[in-house]
Amino acid sequence: MREYAFFLGCIAPNRYPGAESASYKTAEKLGIKLLDLEGGSCCPAPGAFGSIDLNVWYAMAARNLVLAEQMKKDIALICNGCYKSIWEVNHKLKHNKELRDGVNEVLKGIDMEFKGTIDVWHLAELFYDPEIVGVQKIRDSVKVPLTGTRIAVHYGCHLMKPRKERHFGTTEHPVWMEEMVAALGAEPVEYRNKMLCCGAGGGVRGYDLVHSLDITNEKLINLKEAKVDALTEVCPFCQLQFDRGQIEIQEKFGVSYNLPVLHYCELLGLAQGMTPQELALDLHGISCEPFLAKVL
Amino acid sequence: MAEKRTKKEPAAKKETKKPAAAKSTAKAPAHAAAPAVSPEKSLAKEARVGVYICHCGTNIAGSIDIPAVQEYAKTLKNVAHVDNYQYMCSTPGQKKIETDIKEHKLTGIVVAACSPRLHEPTFRMATKMGGLNPFRFEMANIREQGSWVHMHDREGATAKAQDAIRIAVAKASLLQDLIPKSVPVEKAAMVVGAGIAGMQAALDLANAGIKTYLIEKNPTIGGRMSQLDKTFPTLDCSQCILTPKMVDVGRAANIELMTYAEVDAVEGYIGNFDVTIRRKARGVLTPAEAEAKGIVGGGCNGCGDCDVVCPVIKPNPFEMGMKPRKAIYIYHPQVVPLIYTVDFDSCVKCGLCVDACGDKKAIDLEMKDELVKVKVGTAVLALGYDMFPIEKKEEWGYNKYENVVNSLEFERLICASGPTGGHLVRPSDGVTPKKVAFLLCAGSRDNTGVGMPYCSRFCCMYSLKHAHQIIEKIPGVQPYIFYMDIRSFGKMYEEFYYRIQDEGAKFMRGRVANILENPDTKNLVINAEDTLLNRPISLEVDMVVLAAAVQPSEDTDRTRKLFGVSKSMDGWLLEAHPKLNPCGTTTAGVFLAGVCQGPKDIPDTVASAEGAASAASIPIHIGEVELEPYFAQCIEEKCAGCGMCVNLCPYSALALVEKDGRKVMQVTEAKCKGCGTCGGFCPGGAIWMQHFATPQVVAQIDAFLLGGEQ
Amino acid sequence: MARTKGYPEALEKKLADTRLYEDERHPEFTKTVEKISMTIPHMCFQCGTCTASCPSAPRSSYRIRKFVRRSLLGLEDEALTDPDLWLCTTCYSCTDRCPRDIAPTDVIMAMRNLAFKRDIIPVNFLKTVQAIYTTGHGVPNNDVNRAARKKLGMHPDPPTTHRHPQYIKGIQYILDYFELKKNADRIVKEREG
């Protein structure tokens, strides 16, 4: 059993606790134990904090990294926004001495020092990596195959982009998450402009809600065209934007889609036999019932 | 540094006060034959060096304190005379050297100026005109390595110039008379690659009376140009203007054409290259080859009976894979030579072709590669280009979306002899497109590390031509050209741009961010910004043509290494000088023609080929070449005959011989390139590298490290 | 800065001089943006790949190409006072596609940092700061969620600063070190009273 410090972030534990719960349970079935990262905070939000002062962003993310360094565990996390903060700051501080020294000057005041001794992973990449889990093991863990469902993937932005600094290969036509969806017995569905942003990031959701929802709506139109039963993603912020966002779009633009949106861990949980109750799917803004009816 | 210099001034002055004793050596004949005595002992004992500091206008004088450098030079050991001048390379500058050699009885000359790559020959000649052996000249580079790179540091640049001169004087004090060696030049040339560049170069050489071997890796000559439909800006049919040249090449008495062949090994040097050519097993005999085997009236006559019966079908690379060929094939009807080729990678050896060929007995399915050796005096590399694999720029969906093609595929699709008979159709459904987008700079001008940073130079113009071609052939068609800049720099090119705009092509100033495919219609949605309107565009078209970047052809790297030619940072072959010697290389006797040196359109390619042919013919017509006399010499009394140097020599220039009852090393001077591998290794210090001899180099190092206090 | 003509106010506005004058350019701005962003906007050749990749461009006047241009020319005021600066979703599509290997997204982030130094910042960004100062979370827990967590058999508060509030003082130290809370409170108060 591989052990990782589980960095929770904000939205999963505080809005979609089913996604958090599913992460522990699904990961454990695949040989990954997620340990509590005591005292973790907001990553902090890369759009909000990065926009105000990158130095604060570096220092705040470094504090979270040091907590894991003290546990001597690599970090696993389930949110693209957290990935941008935690992975990217770790990477930058490891490779840029001037930045590292600046951050450590701040951390000194709380008896902390960033040493650069751990790595950061998205749980989805650990699931996909054949050295760690791999698609075959995911397939083998399925008890309730999602046969007969058409599922589209939203990759989100901050996991794989900017491509050059990351290690995920293509950001134009990726298919690795579709492979993970197919492993659950569902039919992965391509749709127009798959790599378009959800619209929430960069503080835009807070700054200009209708602008950000209009981007979401463009994605929803394309998804509707592809006749999908559900959308899956690996970022609770994207999830919030698609799920709660559909209600806001209904309110503000008068259009509705009723497209269930599930974090991949929730989807995996279902396929591994967790009940909708165990996943708190009732907390979702958009009902997952039509999708569940096809599966269960 | 400055302190050090003032300290040693008295010592240096002492040394310069001994002019008289130098007389006798200075009068030693400058053109004595190669040293009969050990070269070590022939060093001038009493040197008198003249130092000349060039201002190069303000190029040097602008950042270096010339009077300070001059005063410093006067203090150096062995310096008998110092002068400076505005332009040392001018006639009065050179005259100074000539007269001073006599007047001051100089034994060595130092000019502190530009890079020796520019004016070393000039000053060697001036040294010679003054009566000294030209190899008694040494250059101190105080411009490229001095004033230009330290433009804003006058003090530092001045100090560095003083160092450079001190080092040069140290060497000039120990220089010897050397006699260049002349070697005869083989009256034959080789051209590698038979596209338009190679064909033109070969024809020029042949017409100048030189036997020319033309080597082509493909089964036919013609290269990329034979794949093109029309040529800009005149709209000549490419094949129509090319095939007469192909026929000329096939018939020229002085051209020995070897198709389906590649260079396997190169030995030797200018005037005497021994080249091994691999004639790849073609599986088919020419009439001449058949006759040599005693098959009367046999050999391939191109009838194609074999093609008809061959059961194996493969994509034809000449048609960019869009048309089939058999395992025994020709690229197209106008091939030269008209000889079929067996693709042994796909041939199943069923023997049907052999039966169909009948009495001509042209087909030999057991044929093996054959190595042929030829000797040539000079060689021209015309290695051409390939298309950049544009699928690497994933945002445009090449190889993913059926209706996204590259420009060479477009050429075949619009060409009357191409797979569709010249009817442009969409690969997805065979329908004639009504809206076509052309994407310029696809993979060119790309600093991401994925594409190529350079401009591919002919894409703008052929894309204009493509727009014209579809307007001409498809009524109501709308071409869109997505561009960043239109580079229409050639003769009649800007006029062509005007014409195509007038014909109705729409020019959209913006680079395409990505292309999405409509999965139902296979139409393509182009996302770009009209940067002139300041508005994003979403344009749905039927077909996209990517004007993909070009890159050196697949075999370029292997071939250039055989000929010892360097490549520049962008991967194209490196010319001797980008402006003044664009066809030459740093390997004497090897020249470049066409796109292998850098992207060129057809007119520039032909011009470059004629230049290369002319340059390659000069040594052949002169009949002999002078080799720089930088050979290794064996100091026989020190040589232990161990022979270790013999194996080290990369040019096989060394051998062990019996002399006075013992073994000593002997150098074949014509083969020696003066690389110094042997000299650096010899455990007994018995190898003397002429012009870079150990005492000379040590003196330079001492002069640098010890500030002249040797 | 635009030249004033001494006209009545309405005409002054209508006929405002739109020409670019050299004194609008601040070369220091170009350098500062490059230092913060760690990228090279001065290499932009204005191809528009960024704008065409941008999810915000088709629904607003936001043109990231223009911001990169402003950064290249040093048009500090024009860049920092343009409300479109805050429409970047930081999706990094432009960064992935830029042929000059510039990271336009990071140019925007750097400009936002510089705007904040002039108190130019949308209030929602500051409210995130205030939330984190108090709870450690940008999106804090609430009672509905606590109940749901209990139902799932989880602790009502996640093992973050929520369950271990002793860690919050470290966060407050960092935010105070940069005087971020103080400035956030001040600006929010100025805007909202």
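These legends walk through close-ups of aromatic rings and their neighbours in a predicted model. Local features need pLDDT of at least 70 and side-chain atom pairs count only at pLDDT 80 or more, while totals for chains, interfaces and linings use all residues. Side-chain values use heavy atoms, leaving out hydrogens and water; residues are numbered from 1 along each chain as its sequence is written, with chains lettered from A in the order in which they are written.

**View 1. A tilted pair in chain A, W57(A) with Y58(A).** Over all chains there are 24 aromatic pairs (Phe, Tyr or Trp rings, Trp by its six-membered ring, with centres within 6.5 Å; planes under 30 degrees apart are stacked, over 60 edge-to-face, the rest tilted). Here the centres sit 5.7 Å apart and the planes meet at 45°, so this one goes down as tilted.

**View 2. Y177(C) and F178(C), edge-to-face.** These rings are 5.2 Å apart centre to centre, with 70° between the planes. Y177(C) is partly exposed at 39% relative accessibility, and F178(C) is partly exposed too, at 22%.

**View 3. A ring cluster in chain A.** Ring pairs tie together Y83(A), W87(A), Y128(A), Y155(A), F168(A) and W176(A).

**View 4. Charges over rings in chain C.** R70(C) lies over the face of F67(C), 4.8 Å from the ring centre (the rule: NZ of Lys or CZ of Arg within 6 Å of the ring centre and within 35 degrees of the ring normal). K181(C) lies over the face of Y133(C), at 4.5 Å from the ring centre.

Key:
Buried < 20%, exposed > 50% of the residue type's maximum accessible area, 1.4 Å probe, protein only.
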